[in-house]
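Please examine the model shown below. The paragraphs that follow lead through its salt bridges, fold, core and aromatic contacts.

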Amino acid sequence: MHTGEYVKMPKAVYYQCLWTVKDIDRLYRLEAMMKHEKSEDEVVLYEDEGGMAMNEEVLRQASWKLSCIKDALNVIPQEYRIETIESIVDGVFPTGIAHENTWKKWRRVFIKELAHKLNLI
């Protein structure tokens with residue numbers, strides 16, 4: 001984790017991180033496509049939900065972004081990881097488990113670490 005000096009994160013970077021996390025379900029689908037074992041005589045055309053063909057670099061980027069998300073999650077306690085992701089995807093803080101300030105803190109720590117992992121800051 002990058003600790004020490006406090007640097008305000010640019011809004012554009014913050015939102016890139018949020019949208020990367022919000023895209024997590026699609027990233028998992030793309031990664032699964034990439035991991036599909038194809039036979040030598042098989043030609044695989046990758047399409048997203050809109051029917052657009054994608055090249056393998058898109059799939060590699062999806063896998064890399066998922067790796068960044070997973071690595072960034074390691075900086076927060078295990079008991080907050082799933083709910084932190086869900087709170088970003090759903091836009092709602094969990095209730096009853098911890099105080100809202102706790103969620104804000106771990107979400108902030110996670111987003112900052114994700115920005116570093118994605119080489120945005």
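By about how many helical turns are Arg60 and Glu57 separated in helix H3? Being 3 residues apart in helix H3, Arg60 and Glu57 are separated by about one helical turn. This is a predicted model, in which local features need pLDDT of at least 70 and side-chain atom pairs count only at pLDDT 80 or more, while totals for chains, interfaces and linings use all residues. Residues are numbered from 1 along each chain as its sequence is written, and side-chain values use heavy atoms, with hydrogens and water left out.

Arg60 and Glu57 form a salt bridge whose closest N and O atoms are 3.1 Å apart; the term denotes a side-chain nitrogen of Lys or Arg within 4 Å of a carboxyl oxygen of Asp or Glu. Arg60 also meets Glu56 in a salt bridge, at 3.8 Å from N to O. Arg60 and Glu56 both belong to helix H3, where they are 4 residues apart, about one turn of the helix. With regard to solvent, buried means under 20% relative accessible area, exposed over 50%, and partly exposed in between, for a 1.4 Å probe and protein chains only. Arg60 is partly exposed at 42% relative accessibility, Glu56 is partly exposed at 39%, and Glu57 is partly exposed at 36%.

Lys117 and Glu113 are 4 residues apart in helix H5 and are separated by about one helical turn. Lys117 is partly exposed, with a relative accessible area of 30%, whereas Glu113 is buried, with a relative accessible area of 4%. A search of the whole structure finds 5 salt bridges.

The fold as a whole provides the setting for these contacts. The secondary structure comes to 5 helices and 2 strands; helices (H or I, at least four residues) and strands (E, at least two) are DSSP runs, numbered from the N terminus. Along the sequence, these elements follow the pattern α-α-β-β-α-α-α. Of the contacts between residues at least 6 apart in sequence, 64% join residues at least 24 apart, a contact being heavy atoms within 4.5 Å. Buried residues make up 34% of the 121 residues in the protein. The accessible surface comes to about 8100 Å², of which 52% belongs to carbon and sulfur atoms; such areas come from the Shrake-Rupley method with a 1.4 Å probe, and for residues only the protein chains shown count as cover.

In soluble globular proteins, nonpolar side chains tend to be buried together. A nonpolar core is a set of buried Ala, Val, Leu, Ile, Met, Phe, Trp, Tyr and Cys residues joined through side-chain atoms within 4.5 Å. The largest nonpolar core here has 29 residues, among which Ile69, Phe110 and Leu114 touch the most other members. At least two residues of this core are supplied by each of helix H1 (11-22), helix H2 (24-35), helix H3 (56-73), H4 and H5. Leaving aside residues up to four places away in sequence, Ile69 touches Thr20, Val21, Ile24, Leu27, Ile85, Phe110 and Leu114.

Aromatic rings form a further set of contacts. Rings of Phe, Tyr and Trp (its six-membered ring) pair if their centres lie within 6.5 Å; planes under 30 degrees apart count as stacked, over 60 as edge-to-face and the rest as tilted. By this rule the count comes to 3 aromatic pairs. Tyr80 and Trp103 form an edge-to-face pair, at 5.2 Å centre to centre and 90 degrees between the planes. Tyr80 lies in helix H4 (residues 78-90) and Trp103 in helix H5 (residues 100-117), so this pair ties together parts that are 23 residues apart in sequence. Tyr80 is buried at 17% relative accessibility, and Trp103 is buried at 1%. Tyr80 also forms a stacked pair with Trp106, at 6.2 Å centre to centre and 20 degrees between the planes. Trp106 lies in helix H5 and Tyr80 in helix H4, so the pair ties together parts that are 26 residues apart in sequence. Trp106, at 16% relative accessibility, is buried. Tyr80, Trp103 and Trp106 form one aromatic cluster.
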